[in-house]
Amino acid sequence: MPKLQAPKGTRDFYPKDMAWRNHIVDAWRRVSIRNGFDQVDGPIFESLDLYKVKSGEGIVSELFHFTDRGERELAIRPEFTPTLARMVAEQANALPKPIKWFCTPNLCRAEKPQRGRLREFWQWNVDILGSDLPVADAECIFTAVDLLKELGLGPQHLRVKISHRQTVRHILKKLGVVEEKHTAAFELLDRRDKIEPAEFTNGAKALGLDEERVARFDQICRMEFNSGSLGVLYDSLGIDPKDASVADIQQLDDQLRAFGIAEWCVFDLGIVRGLAYYTGTVFEIHETSGAMRALAGGGRYDQLIELFGGPKTPAVGFGMGDVVLSDVLRDKGLVPEDTTPRPDVFVIASSDRGAGAVASNVAKLRLDGFHARFSYKTTRNVGKLLKDASDARARFVLILGDAVGDAAGEGQGQLKDLAGGTQIDIALGDVSSKLRV
Ligand code: HAM
């Protein structure tokens, strides 16, 4: 029998790993809800064609795909945006606007497994559809920042890098890259930090750029501007201040300041995103040292719903993966020691008489809403049982001994506070109210 292993780039989630994943997914959910998003989900596989329309070469080359018995070509979802666009296109007229949706799907991409990138991962998606106002872009970014803060991260750890595809298109045009090659240019720019300089230069040459223009191209991509200094950016690039992309970015900058998150944000023309459907603002969240892969990425995709047969519906959103987020939290020492749920109470029996009362007491405590566990053992060696309770990280131990059922029909036990060390005699009917205080 060959050794059976989990497929390359996937993870098994043992209880501690599962608790950690829940810690992240619960935070995604909590933050989404308080920011006014409704949860959705879709199928784990879709028609292969869905991704071929507009996701771009990068994603399509990484698809896990198969043919079903009816000869239909299907693919495991590598991202959620096409599913979301399909769902919105189907019911667009019935949905109140703006549509604010979130989801936390698992996705699969046949990437080369490496730090920050696996073949199966979980991704938080946050999207607003039906508004072309920069306030929607700002609200998405605010929601992402809210999540980072929720998990203990600050602007010293992460940066939201923002750019605009239209601005990058202007630059490409000025450098002489023809319109048909812009998508290829975005993909090349997106991979800039992942490939060797020679590969980048060759790619740029294929776009029609000579050495000098490659250098200029590269130099522009390294330009960063803080909130409030956008005028300088557009001046230095010779972009008409009346251009729609200038107004978009300017208004976004104002909104980011109004939301109080400008210190997290920087305008960086090197951000273009690899996916083909983005039309306007694009952004990514990176760890400040720049050592890690992007933690999140998104932007405006104002034409995708129409392309999927729906009415014209502007849209903006982002995806954040669990892998880089976990790496960042681990690196910054923000991982709680154990995130598995702690029992409120652990019930033990130190006599046969006590053992007979364990199940009924546990059942009552559980019905009262407490996380109650119990020992299958009965022994007079209470110390051993207390150790089991403490290993389970219980807050309290309920000890059922000889006294159970003694006091005039009112069962008695002892309640030990494992953190404080205090132990009291207690009527069994009072345990729930005692645990509540
Ligand atoms: P994306 O940039 O392909 O965008 O992915 C967003 C995030 O998902 C990445 O920044 C990363 O954290 C995570 N991610 C991507 N691939 C992997 C992988 N192989 N392993 C681990 N994590 C990964 C999208 O997927 C867009 N659909 C996001 C979006 C939503 N745009 C608008 N709405």
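Two strands count as paired if DSSP finds at least two bridges between them. Helices (H or I, at least four residues) and strands (E, at least two) are DSSP runs, numbered from the N terminus. You're looking at a predicted model, where local features need pLDDT of at least 70, side-chain atom pairs count only at pLDDT 80 or more, and totals for chains, interfaces and linings use all residues. Residues are numbered from 1 along each chain as its sequence is written, and side-chain values use heavy atoms, with hydrogens and water left out.

**Stop 1: the sheet**

Select the five strands of an open sheet, in the order S15-S14-S16-S17-S18; their pairing is mixed. Now color S15 (372–378) and S18 (423–427): these are the edge strands, and each has a single partner strand, so one side of each has no neighbour in the sheet. On average, neighbouring strands here are turned by 25° against each other, direction ignored.

Next, pick S14 (residues 345–349) and S16 (residues 396–400), which pair in the parallel sense over five bridges. Which residue of S16 is the bridge partner of Val-347? It's Leu-398.

**Stop 2**

Bring in helix H14 (residues 352–367), which lies across S14, S15 and S16 and runs at about 165° to S15. Helix H15 (residues 382–391) packs on the sheet too, touching S14, S15, S16 and strand S17 (412–417), and its direction makes about 160° with that of S14. For angles like these, axes are lines fitted to C-alpha atoms (for helices, over the stretch in contact), and the angles run from 0 to 180 degrees between N-to-C directions.

**Stop 3: a helix tucked inside**

Select helix H13 (residues 322–331). Eight of its ten residues are buried, so H13 is largely enclosed by the rest of the structure. Buried means under 20% relative accessible area, exposed means over 50%, and partly exposed is in between (1.4 Å probe, protein chains only). Among the buried ones are Asp-322, Val-323 and Leu-329. What do the buried residues of H13 pack against? Show helix H1 (15–34), strand S7 (120–129), helix H5 (134–150), strand S8 (158–164), strand S11 (281–287) and strand S13 (315–321) to see. Contact here means heavy atoms within 4.5 Å. After H13 comes Gly-333, with a positive phi near 70°.

**Stop 4: the ligand**

Click on the ligand and show the 26 residues that surround it; the closest are Glu-79, Thr-81, Leu-118, Asp-127 and Tyr-278. A residue makes the list if one of its heavy atoms lies within 4 Å. Zoom in on Asp-127: one of its polar side-chain atoms is 2.8 Å from a nitrogen atom of the ligand. Over at Arg-273, a polar side-chain atom sits 2.9 Å from a ligand oxygen atom.

**Stop 5: cysteines**

A disulfide is a covalent bond between the sulfur atoms of two cysteines. Here the test is a pair of cysteine sulfur atoms within 2.5 Å. How many disulfides does that rule give? The count is zero. Select Cys-108: the nearest cysteine sulfur, in Cys-103, is 15 Å away. Then try Cys-140, whose sulfur is 13 Å from the closest cysteine sulfur, again in Cys-103, so that's too far for a bond. Are these two buried or exposed? Cys-108 is buried, at 15% relative accessible area, and Cys-140 is buried too, at 0%.

**Last stop: Leu-307**

Finish in helix H12 (residues 304–307), where you'll find Leu-307. Leu-307 is partly exposed, with a relative accessible area of 46%. Leaving out residues up to four places away in sequence, Leu-307 touches Val-53 and Lys-54.

Definitions and conventions
Polar contact = N/O pair within 3.5 Å; in protein donor to acceptor, adjacent residues only side chain to side chain.
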